[in-house]
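The following exercises concern the structure shown below. Each task is followed by a solution in steps.

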Amino acid sequence: MRKISILWTDDEIDLLKPHIIFLKEKGYDVDTASNGTDALDLVQKNHYDIIFLDENMPGLSGLETLARMKTLNPDVPVVMITKNEEESIMDEAIGSRIADYLIKPVNPKQILLSLKKNIEKKRLITAQTTSVYQSQFREIGARLNDQLTPGEWAELYRKLVYWELELSTSDDKTMDEILSFQKSEANQAFSRFIKDNYTRWFGKPLGERPLMSTDIFRQKVFPLLSRSKKVFVLVIDNLRFDQWRTLSPIIGEYYRVEDETLYYSILPTATMYARNALFAGLMPSEIEKLFPALWEEDDNEGNKNQHEEELLRKQLSRLGRKDKLFFDKVTNLKSGKKIAETVTAVQENDLSVLVFNFVDMISHARTEMEMIRELASDEKAYRSLTLSWFNHSSLLDLLKSLSALNITMVLTTDHGTIRVDNPVKVIGDRETNTNLRYKLGKNLNYKSKQVFEVTNPRDAFLPSRNVSTSYIFAQNNDFFVYPNNYNYFANYFGNTFQHGGISLEEIIIPVVTLSPKK
């Protein structure tokens, strides 16, 4: 293993010989300089993993030397060492992107700690994270054999996402494989749980069933309005829990999390069903029965979500609410550039709702565009792409503006998505829908063991096109492919992100209440 190389610059470097000897005995290579000019010459000639730099030196000061070092090599961490405890000096040094700040006199243990913090941090964190996850792996595996409640499944998924994000900072591919195996095992058990329990939940009160799409406004939004609060509801389509956790540190600069709940999307976990249920507070078959003009039989997802505002107004009216409503939807980049104009509307209304479709567009673009496939080649890259979009989005600009107002935000989604890689054959007629994770039709041919089948749609409160309509849902990382051109479509859609079926990623999704920090 290559030794870590250190440059230590101090005008009293001779007095630091005991420190230098201590570091060399620990296995570090150490070069020294007694002034800024010599230090810069060494930086030009050599590579250093870290630099210790005295702040108060004759000639070039520590801060001047630091500025020139950053020009030569902006990535090398620099630890400033000084006798000066003035806050302005600290602020200037930190503003110059130093890695650490130590006050003289320093002892060898302080130096060693700074080295481990800045150079060996990733290795130490990886080792510790791996060790802790290995013990958790056994505990999670044992839980999968238990009869878990909906709440316990949500907490288990929360734990899996925690470890997925923790291990994503590691380069240990073995641990990635172990986690992937455990997620697959968890999804298999979760699919069995949904098959055994889903249709039993309807008609039961909360507590005997999980919080679901139809409950969100009644349970998470209207109580805030009843406390005379203005509420802004942000629905980011297709946002998984791990993606929310990736965005939350950015949002956390402007908002504090008051409540983070995981709820269950209805089936199918597809926009036309789950989001209509979210806004209507009703299951799809109930929407079709009560408001037939607002339920489209067309298989086009865009057409089926043309009436979301009307469905929300119907829910408000049904519950006797008189809240003044503003509703808008962002479905493309052009309209996204205008969302800052909604700040005034949010201030003037009791309830404001914004539907933002960009994450769903990333998912679809990844299927259709080779370049996006490369940028989002796996789960980690998919989260990274989501974060990159959010950091440069007009949505973040809007949230910054709204954070200056005393308006509570509820952030949620309608369903998640899963990366599929296992094609499952299904045969259907011309009227069968095109979604890869669920099918509905009257002449479906499939292997029962490979799907969750609902032969009577009313059992799952789903519309029925005719008396022989049935639904089937893909499980785990499966996706449906017709036998015709099987190999082509299996390859084309393999390793793409899809939704509509049964998985932890699609069904268990976040609803978060946030208050502005200002």
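**Exercise 1.** State how much accessible surface the protein has and what share belongs to carbon and sulfur atoms.

*Solution.* The accessible surface, from the Shrake-Rupley method with a 1.4 Å probe, comes to about 23900 Å². Carbon and sulfur atoms hold 49% of that surface. The model is predicted: local features need pLDDT of at least 70, side-chain atom pairs count only at pLDDT 80 or more, and totals for chains, interfaces and linings use all residues. Residues are numbered from 1 along each chain as its sequence is written, and side-chain values use heavy atoms, with hydrogens and water left out.

**Exercise 2.** Determine how far helix α11 is covered.

*Solution.* Buried means under 20% relative accessible area (1.4 Å probe, protein chains only). In the protein, 54% of the 518 residues count as buried. After α11 comes Gly281, with a positive phi near 70 degrees.

**Exercise 3.** Describe how helices α19 and α20 meet.

*Solution.* Helix α19 covers residues 379-391 and helix α20 residues 394-402. Their axes, lines fitted to C-alpha atoms over the stretch in contact, come within 6 Å and cross at roughly 55 degrees. Contact (heavy atoms within 4.5 Å) involves Trp389, Phe390 and Asn391 of α19 with Leu395, Leu396 and Leu399 of α20. By class, five of these residues are nonpolar, one is polar and none is charged.

Methods: Buried < 20%, exposed > 50% of the residue type's maximum accessible area, 1.4 Å probe, protein only. Helix = DSSP H or I, 4+ residues; strand = E, 2+ residues; numbered from the N terminus. Axes fitted to C-alpha atoms, helices over the stretch in contact; angles between N-to-C directions. Nonpolar A, V, L, I, M, F, W, Y, C, P; charged D, E, K, R; others polar.
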